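Hello,

Here is the structure I promised to pass on. Please open it first, then read my notes below.

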Amino acid sequence: MWHPIEVVASTGSTNDDLARRPDAPAGLVRIAGHQTAGRGRFDRVWQDVPGAGVAVSLVLRPARDVTHWGWLSLLMGMAVADGLRAVGDEVGCDASRISLKWPNDVLIDDAKVCGILAQTDGQSAVVGWGLNVAMTRDELPVPTATSLALAGWPTDATRAVAAVLRQMQHYYTLWEDGYDLRDDYLRLSSTIGQRVRVERPDGFIEGDAVGLSITGALLVDVDGERVAVEVGDVIHLRKGL
């Protein structure tokens, strides 16, 4: 389902490139080896190093009701996690080292290796992901990040991107067909079962992360009350369940 595929050495932001093209076809993919104005959630800066990472954005036009579009970034995270697991499995890497932190972080050994950003206008969506491929420890933007190289994972960006796109087609097709993918997500999640602090625009809550809603919201048990979190930053505190 991925075509056409555009590849550039550098750009400001692959997400912005596609968001400025309202007539872009579903399945269009744009790949850059470097971003000069990459962004994460809440307009945070996404930093990379030329030649040491890869940024990928794709256009989707989901048929499902917009209330379920929160799943798009979750599907992308699942695809990245399973794609990297498949690439690592070829050389004997332990797949269990890769996990997902809700809503949009892919982790290796609990350190962030990939971030995801979904932008929607109700008609279409642009879903982007940035992968730290060959960054050294000194090049990482924060101490809690890592790269494929530092984790001892294969660093062939082309193979990684291809594997992730295959997995995204698989999950996106199932989701469009109406399948409930919560069990698939839970298989990869390092958040569910944790005691968490969730920082939201209106404050924070602490409780046990117990699952996902049908729309992809994080369900947090706060003193016996189940709260559905649609937007927020999660901090893992300790095992809660």
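Arg20 counts as exposed, because its relative accessibility is 60% and the exposed class starts over 50%. Keep in mind that this is a predicted model. Where does Arg20 lie? Arg20 is in the loop between helix H1 (14-19) and strand E2 (29-32). The Arg20 side chain also has a partner: it makes a polar contact with the side chain of Asp17, at 3.1 Å.

**Aromatic pairs**

How many aromatic pairs are there? The count is two. One of them joins Trp71 and Tyr185. Their ring centres are 6.4 Å apart, with 90° between the planes, and the pair is edge-to-face. This pair links distant parts of the chain. Trp71 belongs to helix H2 (residues 71-89), Tyr185 to helix H4 (residues 182-188), and 114 residues separate them. Are these two residues buried or exposed? Trp71 has 3% relative accessibility, so Trp71 counts as buried. Tyr185 has 1%, so Tyr185 counts as buried too.

Tyr172 and Trp175 also pair, with ring centres 5.8 Å apart. Their planes meet at 35°, so this pair is tilted. Both residues sit in helix H3 (residues 157-176). They are three residues apart, which means about one helical turn between them. Tyr172 is buried, and Trp175 is buried as well.

**A charge over a ring**

One last item concerns Arg197. Its charged end sits over the ring of Phe204, 3.6 Å from the ring centre.

Best wishes

How values were computed
Residues numbered from 1 in each chain as written. Predicted model: local features only at pLDDT ≥ 70, side-chain atom pairs only at ≥ 80, totals over all residues. Heavy atoms only, no water. Helix = DSSP H or I, 4+ residues; strand = E, 2+ residues; numbered from the N terminus. Buried < 20%, exposed > 50% of the residue type's maximum accessible area, 1.4 Å probe, protein only. Polar contact = N/O pair within 3.5 Å; in protein donor to acceptor, adjacent residues only side chain to side chain. Phe/Tyr/Trp six-rings, centres within 6.5 Å; stacked < 30°, edge-to-face > 60°. Lys NZ or Arg CZ within 6 Å of the ring centre and 35° of its normal.
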